[in-house]
Amino acid sequence: MANPFPFVASTVLTADQMNGIGERTSFTPTVTSVTGSITTVGALACTYMRVQKMVVVEFDITITTIGTAGGAILFTLPINANSSLMGTGVGRESGVTAAPLFVWHTTTQAQIQKFDGTFTGGNGYRYVGTITYGVA
């Protein structure tokens with residue numbers, strides 16, 4: 001999507017530019033863990049929308065085989081985040097436990113943990129949620 005921002009006074013925007021604002025775009029993140037390693041990442045269905053300096057990411061990540069992963073599940077962001085603006089998100093594990101999830105980010109990746117800050121992961125776990133963050 002071509003970014004029509006910033007708007008300039010007295011400038012006419014085209015229909016393509018207007019329709020592109022907030023358009024969903026698919027992306028394929030790299031999925032890892034804080035400690036150890038994931039043996040097999042399964043289905044991924046991730047999209048993002050950017051409106052000016054705000055990005056909303058929707059993620060649906062399935063872990064087929066957890067391996068030795070621990071700490072938290074990580075996935076790369078489609079657009080680097082402004083590290084001084086702490087975006088957060090929520091979700092749930094919908095494959096096995098239905099546990100609520102907390103999501104936060106660094107400059108380049110999001111971190112998924114159980115609502116209490118502990119690791120939640122196992123074979124067949126599916127992480128579904130959203131995170132909103134600012135970009136530089």
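In the predicted model, Arg126 is partly exposed, with a relative accessibility of 34%, and the side chain of Arg126 meets that of Asp60 in a salt bridge with an N to O distance of 2.5 Å. Because Arg126 belongs to strand S10 (residues 126-134) and Asp60 to strand S5, this pair ties together parts that are 66 residues apart in sequence. Asp60 itself is buried, at a relative accessible area of 16%, which falls under the 20% cut-off.

The count of salt bridges comes to two, and Arg24 and Glu58 also form such a pair, with their closest N and O atoms 3.0 Å apart. Arg24 is placed in the loop between helix H1 (15-20) and strand S1 (25-27), whereas Glu58 is in strand S5 (residues 54-65), so that parts 34 residues apart in sequence are tied together by the pair. Arg24 is exposed, with a relative accessible area of 51%, while Glu58 is partly exposed at 28%.

Ser33, in strand S2 (residues 31-35), is buried, its relative accessible area being 9%. The side chain of Ser33 reaches the backbone oxygen of Thr35 at 2.7 Å and that of Gly36 at 3.3 Å; when neighbours within four places in sequence are left aside, Ser33 is in contact with Ile38, Ala69, Gly70, Ala72 and Leu74.

Thr106 lies in the loop between strand S8 (100-105) and strand S9 (109-114) and is partly exposed, with 33% relative accessibility. Leaving aside neighbours within four places in sequence, Thr106 is in contact with Leu77 and Ala81, and the C-alpha atoms of Thr106 and Ser84, residues that are 22 apart in sequence, are separated by 9.2 Å.

Terms used:
Residues are numbered from 1 along each chain as its sequence is written. This is a predicted model: local features need pLDDT of at least 70, side-chain atom pairs count only at pLDDT 80 or more; totals for chains, interfaces and linings use all residues. Side-chain values use heavy atoms; hydrogens and water are left out. Helices (H or I, at least four residues) and strands (E, at least two) are DSSP runs, numbered from the N terminus. Buried means under 20% relative accessible area, exposed over 50%, partly exposed in between (1.4 Å probe, protein chains only). A polar contact is a pair of N or O atoms within 3.5 Å; within protein, one must be able to donate a hydrogen and the other to accept it, and residues adjacent in sequence count only if both atoms are side-chain atoms. Contact means heavy atoms within 4.5 Å. A salt bridge is a side-chain nitrogen of Lys or Arg within 4 Å of a carboxyl oxygen of Asp or Glu.
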